[in-house]
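Here is a friendly note to read alongside the model. Please keep the picture open as you go through the points.

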Amino acid sequence: MNTLVYLIPIALLLGGLSLAAFLWALKSGQYEDLDGASWRVLDDGDGKPEQR
């Protein structure tokens, strides 16, 4: 029973921190362009067209 006195506030603190991190990610635009990330994986990144 004594351990619950420590574990419950720690769990609430960690839950609050994760909620704050999620809300920060929403406000900073981390979830704005979900399709762009999947296309950037396929991009070579050199900016030149492929020569044959």
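**Notes on the model**

1. The protein has an accessible surface of about 5400 Å², and carbon and sulfur atoms account for 63% of it. Accessible areas come from the Shrake-Rupley method with a 1.4 Å probe, and for residues only the protein chains shown count as cover.

2. A word on how to read this: the model is predicted, so local features need pLDDT of at least 70 and side-chain atom pairs count only at pLDDT 80 or more, while totals for chains, interfaces and linings use all residues. Residues are numbered from 1 along each chain as its sequence is written, and side-chain values use heavy atoms, with hydrogens and water left out.

3. The protein holds 2 helices and 0 strands (DSSP runs: H or I of at least four residues for helices, E of at least two for strands, numbered from the N terminus). Of its 52 residues, 4% are buried (under 20% relative accessible area; exposed is over 50%, partly exposed in between, with a 1.4 Å probe and protein chains only).

4. Helix α1 has 26 residues and reaches 39 Å from first to last C-alpha, close to the 38 Å expected at 1.5 Å a residue (1.5 Å times one less than the number of residues). After α1 comes G29, with a positive phi near 85°.

5. An unreviewed UniProt entry annotates residues 6-26 as "transmembrane region"; such annotations may be inferred rather than shown by experiment. In the model, residues 6-26 are 100% helix and 0% strand, with their end C-alpha atoms 31 Å apart.

6. Which rings pair up? There is 1 aromatic pair (ring centres of Phe, Tyr or the six-membered ring of Trp within 6.5 Å; planes under 30 degrees apart are stacked, over 60 edge-to-face, the rest tilted). The rings of F22 and Y31 have centres 6.1 Å apart and planes at 50°, so this pair is tilted. F22 is partly exposed at 42% relative accessible area, and Y31 is partly exposed at 45%.
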